Amino acid sequence: MSSQVRGGTRWKRFAVVMVPSVIATAAVGVGLAQGALAASFSVSGQEFKVSADSLEGDDFVQYGSVATGKDLKGKDQAAPVAVSGFSTAYITNMCQSVVTPDLPFGLGNVTLKLKAGDPKKKQKKVYAKDIYLDVSQLDADAKFKNIDIGVAAGSLTEFPGGKKTHTGIQPNTQANPNGFSQRAEHATLTNVHQKAWATTAGTFKLPGLSLKLSKGVDECY
């Protein structure tokens with residue numbers, strides 16, 4: 001399955017959003033009701049889980065979209081997602097896991113797990129620039145600075161009074177410019193658990209990166 005290419009790297013599966021689940025659900029629900037959501041990329045047939053002790057980001061935006069692709073059996077699928085963007089983000093103790101089920105040769109389920117930015121191991125925080133996260137479910141404690149809810153998606157790049165932001169609708173993707181969205185100057189999320197379909201970033205630095213494959217189901221949460 002093809003995926004959108006950013007920064008020369010293919011890595012579009014359904015993936016990371018950092019906003020309260022109630023607001024995320026509202027954004028997608030209103031977008032669907034307005035017919036505002038548009039497919040923006042092709043994704044793999046597997047959701048993955050992401051957990052983190054904390055995420056802090058600047059120029060937060062969120063709007064609804066639809067991710068499309070094929071499931072593991074090759075059938076067409078589509079899912080509503082809440083797309084969240086940050087101009088910069090710092091993540092503490094990040095874990096990402098995805099389970100591939102029913103592999104042949106007696107392997108059964110196999111889990112791929114990635115970890116980085118563990119403060120207990122004196123690692124620096126994970127750093128991302130121009131990151132967009134496409135999520136289907138999120139549980140977290142959240143704090144926002146100067147949040148605007150109900151903004152037209154086409155106006156995400158400018159705060160009231162004319163102050164420009166560095167984040168808007170994800171480049172090379174589609175969204176109704178008149179659809180529901182929200183934004184904040186700064187967002188802090190703690191105790192993050194989420195299910196996601198895709199993550200893209202202009203820069204993604206993962207100190208202390210550890211990637212392991214294991215038999216069975218061994219997810220981040």
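**Exercise 1. Find which residues Tyr-127 is in contact with, leaving aside its neighbours within four places in sequence, and describe where Tyr-127 sits.**

Solution. Once neighbours within four places in sequence are set aside, Tyr-127 is in contact with Thr-88, Ala-89, Tyr-90, Thr-203, Phe-204 and Lys-205, where contact means heavy atoms within 4.5 Å. The model is a predicted one, in which local features need pLDDT of at least 70 and side-chain atom pairs count only at pLDDT 80 or more, while totals for chains, interfaces and linings use all residues. Residues are numbered from 1 along each chain as its sequence is written, and side-chain values use heavy atoms, with hydrogens and water left out.

With a relative accessible area of 19%, Tyr-127 is buried; buried means under 20%, exposed means over 50% and partly exposed lies in between, with a 1.4 Å probe and protein chains only. Finally, Tyr-127 and Glu-56 are 9.9 Å apart in space from C-alpha to C-alpha, although 71 residues separate them in sequence.

**Exercise 2. Work out how many aromatic pairs there are, and describe those that involve Phe-60.**

Solution. A pair of aromatic rings is described by the distance of the centres and the angle of the planes. Rings of Phe, Tyr and Trp (its six-membered ring) pair if their centres lie within 6.5 Å, and planes under 30 degrees apart count as stacked, over 60 as edge-to-face and the rest as tilted. By this rule the count comes to three aromatic pairs.

One of them joins Phe-60 and Phe-86, a tilted pair with 5.5 Å from centre to centre and 45° between the planes. This pair links distant parts of the chain, since Phe-60 is in strand S4 (residues 48-70) and Phe-86 in strand S5 (residues 76-92), 26 residues apart. Both Phe-60 and Phe-86 are buried.

The rings of Phe-60 and Phe-144 have centres 5.3 Å apart and planes at 45°, so this pair is tilted. Phe-60 lies in strand S4 and Phe-144 in strand S8 (residues 126-152), so the pair ties together parts that are 84 residues apart in sequence. Phe-60 counts as buried because its relative accessibility is 1%, whereas Phe-144, at 21%, counts as partly exposed. Taken together, Phe-60, Phe-86 and Phe-144 form one aromatic cluster.

**Exercise 3. Identify the disulfide and decide whether it is left-handed or right-handed.**

Solution. A disulfide is a pair of cysteine sulfur atoms within 2.5 Å, and by this rule there is one disulfide. The bond joins Cys-95 to Cys-220, with 2.0 Å from S to S. The torsion about the S-S bond of Cys-95 and Cys-220 is about -80°, so the disulfide is left-handed. Cys-95 is in strand S6 (residues 94-103) and Cys-220 in the segment after strand S10 (210-215), so that the pair links parts of the chain 125 residues apart. Cys-95 is buried at 7% relative accessible area, and Cys-220 also counts as buried, at 18%.

**Exercise 4. State how many residues the largest nonpolar core has, and which of them have the most contacts inside it.**

Solution. A nonpolar core is a set of buried Ala, Val, Leu, Ile, Met, Phe, Trp, Tyr and Cys residues joined through side-chain atoms within 4.5 Å. The largest has 25 residues, and those with the most contacts inside it are Phe-86, Ile-91, Met-94, Ile-131 and Leu-189.

Terms used: Helix = DSSP H or I, 4+ residues; strand = E, 2+ residues; numbered from the N terminus.
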